Amino acid sequence: MTAAAVAITPAALDRLLPLYARLDAGTVLRGLGPTLARLLGAGALGQRLDAVFGLTHPARVRTAADLCHTTPLRLVLHGPVATPFKGVAVPLADGGALLNLSFGYRLQDAVRDHRLSGSDFAPTDLANEYLYLVEANTAILSEARRASDRLRGARALALEQALTDPLTGLRNRRGLDRALARLAASGQPFGLIHIDLDHFKRINDTLGHAAGDRVLAEVAARLKRAVRDADGVARLGGDEFVVLLPGLRGRARAGRVARRLLRDLERPLPLLPPAAPLSASLGVALWDGAGPAGAEALLLAADRALYRSKGTGRGRITVATPADTP
Amino acid sequence: MHGLINTAIQAFVGDAFGQAAWHSTLHRAGLWDAIGPDGFDALFVYDDAVTRALLDAAAAEVGRPAESLLEDLGTYLVSHPRTEALRRLLRFGGDSFTDFLRSLDDLRGRTRLAVPDLDLPDLCLRDLGGGRFLLIAADGPPGYGHVLMGALRALADDYGALAVLDHRGPGGGSCGESLLIEVHDPAFHAGRRFDLATAQEPP
């Protein structure tokens with residue numbers, strides 16, 4: 001059983017469908033909902049649909065029936081603000097069509113561009129809820145971005161602290177391991193100098209730990225100043241330091257660099273009595289970038305060389321030989 | 001409670017009484033080590049005890065009873081420029097203050113739509129006729145009614161309505177708080193402007 005046709009006054013239609021258009025069989029606009037009327041302006045009534053809208057889908061219409069066969073319709077408003085619409089058209093008894101339009105996901109732009117308000121939509125329309133959701137979404141996203149930025153900053157700070165020796169500001173053992181692993185993976189030749197201060201315990205015992213700390217800080221500063229930006233300096237704890245020198249090749253050259261560092265460390269220190277100046281034992285190891293170096297093997301080789309420096313009188317450098325690398 | 005609530009209190013104390021007062025509040029609440037100068041994470045869900053400690057500490061810090069502080073918090077949330085986004089989201093609830101009151105039954109649901117893990121207490125509005133309403137917060141945390149009162153007073157002004165609000169204590173025969181709202185004139189003055197869509201913020 002088919003339902004009886006519903007007779008509806010234009011005023012009632014206006015309330016239900018503020019964005020409707022009634023077209024005759026030839027697609028001339030014969031009636032407009034109040035919101036659409038405002039959007040199209042005076043003079044739209046009596047014009048053909050394609051005089052007022054650009055037709056995206058279907059691209060061309062001759063009759064009202066053509067409109068009813070396509071869902072959803074896609075139209076674009078002619079004029080300075082090319083507002084896109086989607087629509088659906090149903091046939092009317094007189095051969096024309098009733099077209100209902102909506103803004104789709106571009107609702108917010110349309111409301112802004114045409115200064116629409118709540119009363120421009122039917123009370124049942126979801127425009128209010130949609131716009132609410134869009135704004136809420138934006139607000140939450142900016143909170144999320146803020147939290148994410150802060151987290152990234154905190155993480156960077158925490159990582160920095162985890163890799164840094166608090167007394168000297170140099171890399172700590174963990175930081176050294178990372179830098180060393182990076183160098184070993186790079187395939188670039190590099191040198192490693194292990195530095196152990198001589199008789200440091202004596203400094204602590206005679207001058208106190210506070211003075212000892214200041215000596216360590218000064219050593220760190222001298223090492224940092226003596227090397228290039230690309231080189232790395234780390235404190236292994238106690239009175240041990242490691243210097244990484246990317247690109248360093250050749251035992252002779254490595255020896256010269258190490259001796260220069262040692263002479264710099266031996267320069268007078270105001271804190272220490274002139275009779276007992278600072279000195280250090282150094283062990284140097286090189287990797288040619290090709291052999292099977294582990295970071296561990298290199299440290300071991302430098303350590304062995306350092307041991308020989310200690311064993312042969314201190315205050316000197318020793319460069320590791322291939323025999324030092326197992 | 002949701003971090004948004006704690007960040008709201010944080011913003012309120014900082015803006016109303018200064019950053020020093022806020023830091024002092026955190027210290028009083030024993031939260032300085034955990035929260036520190038960076039403050040709360042708006043999207044994290046904290047223990048309820050944190051918010052309770054925070055409010056007690058804030059009241060002690062500024063030397064005002066908690067209820068009056070909560071009312072001011074409510075007012076702040078609707079009227080301060082920093083929380084404009086919240087004011088706008090509330091204004092979506094209705095075209096007039098009376099329409100807005102009728103949408104309070106949906107406030108919990110609308111809030112969950114925006115922030116799925118922010119669960120506000122249920123609100124129930126009773127129309128007593130003649131522009132008089134009773135708003136019942138059946139099982140909100142203590143003080144919720146006071147925040148509501150401050151917020152609704154500010155919203156009435158935002159809408160341009162002339163309304164009188166009164167906290168009626170436990171209401172509806174059950175626990176919780178209730179507010180008596182008398183709307184004398186929904187369009188007493190123009191109120192603050194609200195456009196459904198504002199100009200786009202630069203990225």
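Reader: Which side chain does A:Asp196 meet in a salt bridge, and what is the N to O distance?

Author: This is a predicted model, where local features need pLDDT of at least 70, side-chain atom pairs count only at pLDDT 80 or more, and totals for chains, interfaces and linings use all residues. Residues are numbered from 1 along each chain as its sequence is written, chains are lettered from A and ligands numbered from 1 in the order in which they are written, and side-chain values use heavy atoms, leaving out hydrogens and water. A salt bridge here is a side-chain nitrogen of Lys or Arg within 4 Å of a carboxyl oxygen of Asp or Glu. By that rule, the partner of A:Asp196 is A:Lys310, N to O at 3.1 Å.

Reader: How many residues apart are A:Asp196 and A:Lys310?

Author: The A:Asp196–A:Lys310 salt bridge links distant parts of the chain: A:Asp196 sits in strand β7 (residues 190–197) and A:Lys310 in helix α11 (residues 295–311) of chain A, the two being apart by 114 residues. Helices (H or I, at least four residues) and strands (E, at least two) are DSSP runs, numbered from the N terminus.

Reader: Is A:Lys310 buried or exposed?

Author: Buried means under 20% relative accessible area, exposed over 50%, and partly exposed in between (1.4 Å probe, protein chains only). A:Asp196 has 14%, so that residue is buried. With a relative accessible area of 19%, A:Lys310 is also buried.

Reader: What is the separation of the closest N and O atoms between A:Asp50 and A:Arg48?

Author: Here A:Asp50 is partly exposed at 31%, and A:Arg48 is partly exposed at 36%. Their salt bridge has its closest N and O atoms apart by 2.7 Å.

Reader: Why are B:Glu84 and B:Arg87 separated by about one helical turn?

Author: Their side chains meet in a salt bridge, 3.0 Å from N to O. B:Glu84 counts as partly exposed at 26% relative accessibility, whereas B:Arg87 counts as buried at 1%. The turn comes about because, in helix α6 (residues 84–91) of chain B, the two are apart by three residues.

Reader: Which residues are linked with B:Glu84 and B:Arg87 in a network of salt bridges?

Author: Side chains of opposite charge can pair when their charged atoms come close. Over all chains, the structure holds 35 salt bridges. The network that has B:Glu84 and B:Arg87 in it also takes in B:Arg91, B:Asp158 and B:Arg192.
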